[in-house]
Amino acid sequence: MSEYSTFEEEEFYTSFDGRTFLRLLSLMKPHWPWVAGFLFCITSVSFIEAYLTFLGARLIDEAIIPGNLDALRSIMIQWAVLIVLLSAGVFGFIYLTGILGQRIRYDLRKRLFNHLQDLSFSYYDKTPVGWIMSRVTSDTMRMGNVLTWGLLDSTWGIMAIISGVIFMLAINWQLALVVILIVPLLWIVATEFRKRIIKYFRLARRTNSQITANYAEMIQGVRVIKAMAREEKTLGEFGVLTSRMYDASYRAAWWSALFLPAVQLITAFGIGAIAWYGGWQTTVGTMTIGGIQAFVGYVTMMMFPIQEMARVYAELQQAIASAERVFSLSDAVPDVQDRSGAAEVESIAGEIVFENVNFHYEPQKPVLKQFNLRVAPGETLAIVGPTGAGKSTIINLMCRFYEPTGGRILINGRDYTEISLHSIHSQLGIVLQTPHLFSGTIRDNLRYGRMDATNEEVIEAAKVTGVHVFIMALEEDYDSQVGEGGVLLSTGQKQLISLTRAVLADPEILIMDEATSSVDTLTESLIQRSMDTLMVDRTTFIIAHRLSTIKKADRIIVLNAGEIEEMGTHRELLKLKGHYYSLYTKQFRSEAAARESAAAEVSTQQPVPGR
Amino acid sequence: MATLANSRLVEYDLKQTLSQKPLQGLWRLATGYQLTYIVATAAMGLAALAKVATFFLLRFLIDDVLPMPNVLQVLPLVALAFVGVALLEGGFTFTGREMANRVAEKVTIRLREYLFDHLQRLNFTYHDSAKSGDLIQRSSSDVDMVRMFYAGQAIMLGRILLLFIVMLIALMTLNVQLALLSVIVVPPVVALSFFFFSRISTAYEAFQEQDGKLSTTLQENLNGVRVVKAFAAQGFEMNKFEDDNQEQYRRGKVLLFNHSISWPFTDFLIGAQTIFSYSLGVIFAINGTITPGTFVAFTGMFVWLVWPMRNIGRLIVEISMGLVSLDRVQEVLREERELLDDGVHQPGGDVRGEIVFENVSFEYEVDTPVLNDISFRVEPGQTVALLGSTGSGKTTLISLIPRFYDVEQGRILLDGVDLREYSREYLRQQIGVVEQEPFLFSRSIRDNIAYGVGREVTDEEVHEAARAAAVHEVIMSFPNQYETLVGERGVTLSGGQKQRVALARTLLKNPRILLLDDATSSVDTETESAIREALQNMMGDRTTFIIAHRIQSVMIADVILVFDQGRIVQRGTHDELMAVEGMYRQTYEMQARIEQDLEKELAHVGI
């Protein structure tokens, strides 16, 4: 499927995009005192480090050679002061940089999350959840890191090189000019190596996630593998992946193992130059032994800043790609949002009219064409029809998760786009086919229906649906945890909780997508009863699957390919002997058979060990 | 067909490496590469020697070369020597790292493949109770931790220790007193770094834990976006996320604070040692105990003697984490496998398909029998239908035939031979199973259908199997037809479609014995008759076991077994069972009543 390709976990190299880079930098603006603080600390630290090397040289030239113990004392006092300052500086930059990084990440996550709450369903339909997750988690981390540690390391790198060069120039400018030649050489080697290491490293990481996926699939499908006696072949397929993984990781490791020796060798040429030229200069008196030592120190240390800067440079490219994706998310405009001057209304009760409604998810594929429907206040409308007929679309439009691409939907004679989203959603009750629960307690989940409900109101609602009895049987009753996604509860219990939410919300318009999954007979009858209670005197749209629900509806519409094929009461439609008739008779048989075996199960219910 | 020996991949049985002592376990895991790893470590020692040579060369330059009369002729040679020594050091470093990494990757590939094979060969009882998330974590992140031990921590620790020893000895040849007085700081630095890194890793775990929680909150919000919007709960969700987000920020601060005090602490200590040692060196140089060149060499080596030591704490903490991972991997390796080739009876061709159950009883857990004294006989090519409520033991009975579980009481005979005398591999080649909720792999539909066949199949064969399973039309309606991927990245198949693909998969395998576990349960009404026809085609002359709820699906069977609580309560053909009072006739009558109800209702409406 082609649209997925855009969401591949791509780690492309973008050409350096200046605008995104500036926007990335602007994330630091609100925190500028922190930035200034850590830049000051790191600059001081790199200067102190360079100065200590210089002090080492003076130790030889001013104390050892002339045999001067006083010089030793004064140099060492300076040294001690600098060590204290250095330690303080190190503390300062780690603390400031680290905390700034956490702040930036915090800000980004908050901004993205809040923006996600505003985005429309069209965005969620196109965008896999996993993709969004990576933006909010790993991309924000990458951006935060490059802005803080990246900036820190490169500042340190630049300052270390600059201060090293300054001291070298001060000691002997001719030799300094020769030695500086290795800097561009180091840079080229560092970036070239980095490129190769990263290439193989990414390949390894991609292969690694395939390996993990392969493990997961093998474990989940182990029964099939065993039943098919396919172990050998499965292992063979896995072996292809592990071999690929070996190649990629080995190559990445090979290049990184070679990197340091290569850099050291270049440095050795620098040291060779110092020995040769510097040695010669000592004979003519323009260079001291301390000078030679200092030069060796500066040149040896030169490779570390370069190494760091090459790393930051590579990370920056990745971070810009991350930033682009994050900004694309935060720049996405919700399709459905309040029009200017949208009215806040207390009530949305009243007649609902779909007037010549057109709708498509993708331009070339219309789902509804010139769709018309009128629902009286308090009416229960059952929608039936095959998969893809447009049942969910009607509900999505009614909930204003989407808006019509043509025509209007009127609530009480008023185009619903003139009303604020909040007004509509606070008066809508929605019960989904697969109930979604959030981790937390049962009470938290029930209260989702109305956030300001008191404990008594929550219990009251639970009594209406009958879920109260089951909740009280739990060890911590309303405070029991439901687990991630409600895993600790059964399907039927989740459905009851989702119905209770709707009861608690006490909406003016109820929208239900009836669950198809089978539950035990007792729960089934509780669900039926709650639904009946909910539908009384409320305008209700229901995608119906069960006969009893369909039969109770005031009106049934049979949808096919986005059009109303048949419409009327149960009796009227049966008489037509059309689509509804054949649906009904088939449905009747299979549902009765299911009820049959469910009844048999209840009579001999016993735990099944294993699976 | 020795499966283990056959495999090109799993060349070494890792069960031999199991050990109660974790370090011994790591050592044995590297069997075959141990010498390479020792050489790698030795190369690191040689690299340290080369580094020492650099500083001795510097000393030679200052003390001996510079005062020479022909200094200008000697200097180029010294410069060349610096490059030569660097080449040696680089060569040794590279060799050491390359070898260590090679061993790490070899051990990892061995571990990954063995673990994969091991997991798919563990028995059903193990997989019934194991949590898949946990197994995946053990085989991915825990294995990676073990890899890091060989690739990083062990060799780095070796390098640092060798560097320390070599540098210390070299310094002692220069001046014993100076050398020994320069390492005073090493024990406290090591102890402190260990102390700080234990704290940092605790803080890091807390940070990671919260990171997981934050991700969960986010994921739940994204998955439940309909509910959030439907209840206009955006504000509530923002607050919830805000709490988690702030907690994450707080834990990040704790982590960073620990980092920010640990580094300057050791910086300061080492700084103090530097002042002390350098002062001492200067005094020795002034009073002539050492030469200026020795002092220069000493200051250079001092750096390599002391600074690396502060990484030791981090390495020890990381190694201890790696050992925990190793233990988790070993736990899986200790489990017993299900042997595929343990049978002594190896028929030349296919089985005929005569199956006899003789007083078979079975329990998963002690004292909770699932099957109780089951006896019956099936002739080759016959169809047996199993009827009964959930939990009556039907699925368990079917699972015994391919030896998913072995019978402990009584016996099952296939063509007159006890099942346990056939190898599992042979049995499973002869038997096809279609499960109630079939599992499809995330690969193309074609590959899924051809999954169980141990040979290349033509498109024609695949299409034919799909046609017979009444799923060909559906597949052709997908944009990529047979190349359509199943699952997240492709199409989501409905329950009925999945079942039909699974049917096609089994059909293509062409087994002699067919086990159908409620294979039409999630098939929607429109395709049910097509499926029933497909099933009938499949049964042909194969011995077939079929579990079903609807009388229509079982009436054609040669033998119908009615189950209740692990026992056969009725047996016979449809006609025989209808002739007597009992569960079968009750079920039949109930289902017939449904039809009557429908007719009544339609009559009532007036059709």
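I take two strands as paired if DSSP finds at least two bridges between them. Helices (H or I, at least four residues) and strands (E, at least two) are DSSP runs, numbered from the N terminus.

The model is predicted: local features need pLDDT of at least 70, side-chain atom pairs count only at pLDDT 80 or more, and totals for chains, interfaces and linings use all residues. Residues are numbered from 1 along each chain as its sequence is written, and chains are lettered from A and ligands numbered from 1 in the order in which they are written.

**Entry 1: sheet in chain A.** I looked up the pairing of strand β1 (residues 352-362) of chain A with β2(A) and found seven bridges in the antiparallel sense. Opposite V357(A) stands F371(A) in β2(A). The two strands belong to an open sheet of four, ordered β2-β1-β4-β5 (chain A), with antiparallel pairing. At its edges I noted β2 (365-375) and β5 (414-415) of chain A; each has a single partner strand, so one side of each lacks a neighbour in the sheet.

I then looked for what covers these strands. Helix α12 (residues 391-398) of chain A lies across β1, β2 and β4 (406-411) of chain A, and runs at about 115° to β1(A). Axes here are lines fitted to C-alpha atoms, for helices over the stretch in contact, and angles run from 0 to 180 degrees between N-to-C directions.

**Entry 2: helix pair in chain A.** I examined helix α3 (residues 32-64) and helix α4 (residues 69-118) of chain A, whose axes come within 8 Å and cross at roughly 155°. I therefore record α3(A) and α4(A) as roughly antiparallel to each other (angles over 145 degrees count as such). The residues of this contact divide into 23 nonpolar, six polar and two charged. Nonpolar covers Ala, Val, Leu, Ile, Met, Phe, Trp, Tyr, Cys and Pro; charged covers Asp, Glu, Lys and Arg; the others, Gly among them, count as polar.

**Entry 3: strands in chain B.** I found strand β3 (residues 383-387) and strand β9 (residues 559-564) of chain B paired in the parallel sense over four bridges. A385(B) has I560(B) in β9(B) as its bridge partner. β9(B) also pairs with strand β10 (residues 567-572) of chain B, antiparallel over five bridges, where L561(B) stands opposite R571(B). β9(B) and β10(B) form a hairpin with two residues between them, and Q565(B) in the turn has a positive phi of about 45°.

**Entry 4: interface.** I recorded 131 residues of chain B in contact with 127 residues of chain A, contact meaning C-beta atoms, placed from the backbone, within 7 Å. Helix α4 (residues 71-121) of chain B gives the most to the side of chain B that touches chain A, with 29 residues.

Terms used
Parallel < 35°, antiparallel > 145°, perpendicular 65-115°, else oblique. Contact = placed C-beta atoms within 7 Å.
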